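My entries follow in the order I looked things up.

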Amino acid sequence: MPAFDAFRYAHDRYHEVAWLSQNTNHLVPPSVIEGAIQQALREHRYEGYPFASGLPELKSLVLGDLGFPAGSPCLVTAGGTESLYMSARALLSPGDEVIASDPSYLIIHRFIELSGARTVNLPIYSAPWRLTADRVNEAVTDKTRMILLIDPLNPLGSGYPESEVRAIAEIAHDRHLLLLNDVTYRDFAETHTLAARFAPEETLTVWSVSKNCGLAGMRLGGVCAPTEMSQKIGRYNTNDLGVNIFAQVAAVAALRTKKEWFPTVRAQSRKNQEAIRSAVAQVPDTHLLVFPSQANMFVIDIEKTGIAPEALQRELLERHQVFVRAGDYLSPKFGGRFVRLSFSNPPKDVARFVEAFPLAIAALRKGRPVEAPARS
Ligand SMILES: Cc1ncc(COP(=O)(O)O)c(C=O)c1O
């Protein structure tokens, strides 16, 4: 029997599934981008190649959004993912070490390994649920080349206070290390500090419009770094003819107006977190690690239930059409203990999780499925 493919299952039922699995944002009003995409369609913008280095307005909006000086280097790529890949290939060599965490967004670790470097994963599955400057400092060796600072952190949802960002940036500066600051979830945080403020020469800031602007399907992000570093990274660009034009016009429309609608996205995400917290509190042996999350996701520890996260993922998906993510995708060491779910979704998706979670846990505890109540 072929293994159960959760993504195949969920994509085959795209509109029936509550997508709490990939930290995507389903709360941005469609009117924000629809007009821009329709106009690009009417103008047949798809017939020509886009301006290869990215729409100038897009770059200036990104720089403005991050608070970097106008005209600073800013590479536009197919998602933050491509920038992460290019950066790892361009800046790391065999034998290099990168100080990172476990749990983490492990795709970055894979890119680091592809360049022949290795990650030194500091366990952070205990308070304060993030790296600390002291631990980073202790972990630096003469092979260390980079620190990976994902802030806020996928999957735990922990954010870094300014003092810690500053202290980690100072380590990078003092010890001549690169600092990869992945700020994909920045807008969801109550407060956020860019590491580039304290270590401008060492920091590369990877940004994305997938989560803040609800454009994950468009595949657009990039990296801002000092000129020389940008040039090195740019040499690994595989999208030499530019990034999808529809993605770029959509991102321009979203970034132009983000200040107007993002507060509503954040507020609804906060309410959703609360609803999930109440539901989890009522299910014995399960608990949230980080609350409130500074991102649009967090994890539920289910270790004490004795239930495997993969089993819970499958039960929730197949029986309830609620898609969450099993921890093994995010942690070699702790992945057997948790599921991650995101909550920048309409309240009805969250209500479905709230209803399904106790049923799924009860079913798996008994070793047999519990029938879901019929949904109208
Ligand atoms: C920390 C982090 N960085 C980067 C990405 C990828 O972003 P993009 O969709 O822009 O490729 C993700 C996606 O989940 C992420 O969690």
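**Ground rules.** I am working on a predicted model, where local features need pLDDT of at least 70, side-chain atom pairs count only at pLDDT 80 or more, and totals for chains, interfaces and linings use all residues. I number residues from 1 along each chain as its sequence is written.

**Overall fold.** I counted 11 helices and 13 strands in the protein chain. Helices (H or I, at least four residues) and strands (E, at least two) are DSSP runs, numbered from the N terminus. I noted a span of about 60 × 55 × 40 Å for the C-alpha trace along its principal axes. The radius of gyration is 21 Å, which agrees with the value near 21 Å for a compact globule of 376 residues. That radius is taken over C-alpha atoms, and the globule rule is 2.2 Å times the number of residues to the power 0.38.

I then checked burial: 48% of the 376 residues are buried. Buried means 20 or more other C-beta atoms within 10 Å of the residue's own, exposed means 12 or fewer, and partly exposed is in between, with C-beta atoms placed from the backbone. Among contacts with a separation of 6 or more, 72% join residues 24 or more positions apart. A contact needs two C-beta atoms, placed from the backbone, within 7 Å.

**Ligand shell.** Which residues come nearest to the ligand? I found Gly79, Gly80, Thr81, Ser208 and Ser210, out of 13 residues around it. To be near, a residue has its C-beta atom, placed from the backbone, within 6 Å. Helix H4 (residues 79-91) gives the most to this shell, with 3 residues. By class I have 3 nonpolar, 9 polar and 1 charged. Here Ala, Val, Leu, Ile, Met, Phe, Trp, Tyr, Cys and Pro are nonpolar, Asp, Glu, Lys and Arg are charged, and the others, Gly among them, are polar.

**Helix H11.** Helix H11 covers residues 347-366. Its 20 residues reach 29 Å from first C-alpha to last, close to the 28 Å expected. The expected span is 1.5 Å times one less than the number of residues. I see a bend of about 30° at Ala356, and Pro358 follows within four residues. The bend is the angle between axes fitted to the seven residues ending there and the seven starting there.

The buried residues of H11 include Val350, Phe353, Phe357, Ile361 and Leu364. An α-helix has 3.6 residues a turn, so residues three or four places apart point the same way. What do the buried residues of H11 pack against? My list reads strand S1 (18-19), H9, helix H10 (309-320), strand S11 (322-323) and strand S13 (338-342). Gly367 follows H11, with a positive phi near 80°.

**Helix H10.** The 12 residues of H10 should span 16 Å, and the end C-alpha atoms are 16 Å apart, which agrees. Its buried residues include Leu312, Leu316, Leu317 and His320. They pack against helix H1 (6-12), S11, strand S12 (325-326), S13 and H11.

**Gln321.** Gln321 sits in the loop between H10 and S11. Its phi is positive, about 55°, although it is not a glycine. Buried or exposed, I asked of Gln321? It is buried, with 20 other C-beta atoms within 10 Å.

**Ile302.** I found Ile302 in the loop between strand S10 (297-301) and H10. Ile302 counts as buried because it has 26 C-beta neighbours inside 10 Å. Beyond four places in sequence, its contacts include Thr286, Pro309, Leu312 and Phe338.

Most residues other than glycine have a negative phi, and most peptide bonds are trans. One joins Asp102 and Pro103, with omega about 5°; Pro103 lies in the loop between strand S3 (97-102) and helix H5 (106-114). Another runs from Asp151 to Pro152, with omega near -5°. Pro152 is in the loop between strand S5 (144-150) and helix H7 (162-174).

Trp129 has a positive phi of about 60° and is not a glycine. I placed Trp129 in the loop between strand S4 (118-123) and helix H6 (133-139). Trp129 is partly exposed, with 18 other C-beta atoms within 10 Å.
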